[in-house]
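Here's a quick walk through a protein model, from its domains down to a few helix pairs. Have the sequence and the 3D view open as you read.

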Amino acid sequence: MNKIHIFDTTLRDGEQSPGVSLNLQEKLEIAQQLAKLKVDVIEAGFPIASQGDFEGVRAIAQNVKGPAIAALARASKGDIDRAWEAIKYSDRPRIHTFIATSDIHLKYKLQMTRDEVLKKAVEAVAYAATLTDDVEFSAEDAFRSDLDYLCQIVEAVIDAGAVVVNIPDTVGYATPWEFGNFIAEIKKKVPNIDKALLSVHCHNDLGLGVANSLAAIKNGAQQVECTVNGIGERAGNASLEEIVMALYTRKTFFNYETDVDTREIYRTSRLVRNLSGMSVQPNKAVVGKNAFAHESGIHQDGVLKERTTYEIMNPELIGLVQENIVLGKHSGRHAFKVRLQELGHNLDEGDLEKAFVRFKSLADKKREITDKDLDAIVEDEIKKIPEAFKLEYVHISSGTRIMPTATVGVIVDEQLIEEAACGSGGPIDASFRALDKAIGIHPTLENFALNAITGGRDAMGEVNVTLKHHENVFTGRGISTDIMEASVKAYINALNKLAYEIGVEKQNEGEEQENGNDNHRKDLSCTCR
Ligand code: KIV
Ligand code: ZN
């Protein structure tokens with residue numbers, strides 16, 4: 001069987017999704033998980049774009065082993081040098097350089113002629129090839145480019161040293177029939193095409209990203225560029241899990257396989273969802289909450305008699321373990337530790353103790369604790385960033401005929417700060433206002449999403465928030481059986497990321513002390529202006 005190379009661009013194109021911003025540790029964690037998933041290439045970022053991007057790519061190149069680590073660069077020496085600086089530490093560094101080739105981009109964006117673009121592409125590839133053997137070239141907006149001109153560029157960049165040539169449908173305009181033919185034509189018309197790996201990169205503006213990628217594979221593409229959960233610019237990119245599972249489930253039709261360890265798909269999807277703050281629609285193929293749920297009686301009856309009546313994939317194949325009721329309030333440390341290890345969480349003693357305390361307090365409120373609850377506890381409790389702000393308590397008073405009010409206690413610099421606020425928008429609004437007053441930072445709430453982790457009245461609620469502050473975006477997540485507490489925790493989690501990434505500084509400290517006002521501090525400000 002032929003192999004399809006999986007090029008994951010969650011950390012580059014995926015991170016370009018509106019409202020997504022990952023810090024260095026989050027990028028590293030996702031990259032480590034992508035290595036476990038056994039993708040062939042991780043595109044770690046666009047180093048010239050920002051210092052944060054550069055550092056993220058460098059950290060991944062230094063620490064993540066297995067897949068090739070790619071960095072994006074426009075077709076210019078400055079970009080390529082910066083990309084190389086970031087990835088040169090990897091055992092398998094790849095420079096991915098690109099320039100647009102469609103007339104519409106040439107005329108309005110680049111204001112260059114076709115000859116000038118061709119020359120620039122060749123120069124960029126030739127220069128990148130002096131730094132590494134692994135050079136990929138992308139013709140941005142390839143699908144809307146003149147086919148003969150595109151073929152001329154593809155041939156020239158292969159001669160200049162590109163070992164991978166990528167054909168993006170940048171604006172998601174293609175249909176599967178057209179895109180399949182387009183790839184077949186390139187294979188036919190470019191004489192040296194066999195000297196390079198032919199790749200595709202399909203956006204999802206018409207919901208056809210995966211279909212177009214599969215049509216390209218049927219017509220000779222050997223690498224697909226995709227993202228976990230399909231996140232990315234605008235409507236996103238082709239989704240990794242859908243492509244991989246289509247190739248796996250319809251093996252005899254495609255006759256291609258990937259090296260991806262499918263049992264890591266669900267875990268990877270959850271991690272990306274949690275860290276990016278981008279929720280996954282319940283009916284999303286493969287990883288959506290309902291992807292393996294059978295609601296109608298006829299279907300349930302069929303599945304109970306024989307799973308394959310209504311299931312084309314076994315949920316265990318993507319690492320979705322049955323919702324086992326594993327532990328309860330009488331379970332001890334040992335059983336807890338063993339189950340966490342079975343779920344892939346190998347915690348050190350300190351973190352294990354923290355998670356165990358949290359588990360016991362949950363077991364007092366919730367009769368049956370499932371694997372999903374345990375995953376959530378670990379993800380929530382084992383904080384990966386220092387906590388500049390720690391929630392001590394929250395008290396909310398709300399009802400149908402009263403103005404909601406919230407009082408919060410937050411520990412900042414080992415000092416308890418207490419504040420209260422009313423919220424015309426409801427109890428969550430009141431508690432966020434109280435937190436803003438206590439901490440002294442006033443971000444905009446861009447997104448708020450609440451989900452139940454498991455079913456039942458005692459289910460744990462999971463809240464994801466996205467905050468914007470001076471053009472910087474931070475996501476936060478909190479879980480609790482009490483959705484108000486989960487909301488407040490999510491908000492504080494996002495503020496902790498803000499403090500960690502750009503720092504907060506004290507202001508007006510003298511003034512506050514002069515006023516003898518210890519408890520009401522409005523003396524912190526972020527340093528990102
Ligand atoms: O969509 C696109 O064209 C891209 C390229 C930079 C590969 O993301
Ligand atoms: Zn793209």
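## Ground rules

This is a predicted model, where local features need pLDDT of at least 70 and side-chain atom pairs count only at pLDDT 80 or more, while totals for chains, interfaces and linings use all residues. Residues are numbered from 1 along each chain as its sequence is written, chains are lettered from A and ligands numbered from 1 in the order in which they are written, and side-chain values use heavy atoms, with hydrogens and water left out.

## Domains

The protein chain is assigned domain 1 (2-276), domain 2 (297-381) and domain 3 (389-515), with bounds that come from an automatic or database domain assignment. Take domain 1 and domain 3: their C-alpha centres sit 38 Å apart, and 10 residues of domain 1 are in contact (heavy atoms within 4.5 Å) with 9 residues of domain 3.

Between them, domain 1 and domain 3 bury about 780 Å², with 37% of it on carbon and sulfur atoms. Buried area here is the accessible area (1.4 Å probe) that two parts lose on being put together, summed over both. On the domain 1 side, Ser21, Asn23 and Asn274 lose the most area to domain 3, together 48% of what that side buries.

Helices (H or I, at least four residues) and strands (E, at least two) are DSSP runs, numbered from the N terminus. Axes are lines fitted to C-alpha atoms, for helices over the stretch in contact, and angles run from 0 to 180 degrees between N-to-C directions.

Helix 5 (residues 114-129) packs on helix 6 at about 25°, their axes 8 Å apart. That makes the two roughly parallel, as angles under 35 degrees count as roughly parallel, over 145 as roughly antiparallel, 65 to 115 as roughly perpendicular and the rest as oblique. Residues in this contact include Val117, Leu118 and Ala121 of helix 5 and Ile153, Ala156 and Val157 of helix 6. By class, the contact has 12 nonpolar, 1 polar and 1 charged residues; Ala, Val, Leu, Ile, Met, Phe, Trp, Tyr, Cys and Pro count as nonpolar, Asp, Glu, Lys and Arg as charged, and the others, Gly among them, as polar.

## Helices 6 and 7

Helix 6 (residues 147-160) also meets helix 7 (residues 176-189): the axes come within 10 Å and cross at roughly 55°, so this pair is oblique. Leu147, Asp148, Leu150 and Cys151 in helix 6 meet Phe182, Glu185, Ile186 and Lys189 in helix 7. Those residues split into 5 nonpolar, no polar and 3 charged.

## Helices 2 and 3

Helix 2 (residues 51-63) and helix 3 (residues 77-87) pack at about 40°, axes 7 Å apart, and are therefore oblique to each other. Gln51, Phe54, Val57, Arg58 and Ala61 of helix 2 make the contact with Arg82, Glu85, Ala86 and Ile87 of helix 3. The tally is 5 nonpolar, 1 polar and 3 charged.

## A loop residue

Where is Leu317? Leu317 sits in the loop between helix 12 (297-305) and strand 11 (325-327). Leaving out residues up to four places away in sequence, Leu317 touches Met245, Tyr248, Thr262 and Arg263. Leu317 and Asn204 are 113 residues apart in sequence and 26 Å apart in space, C-alpha to C-alpha.
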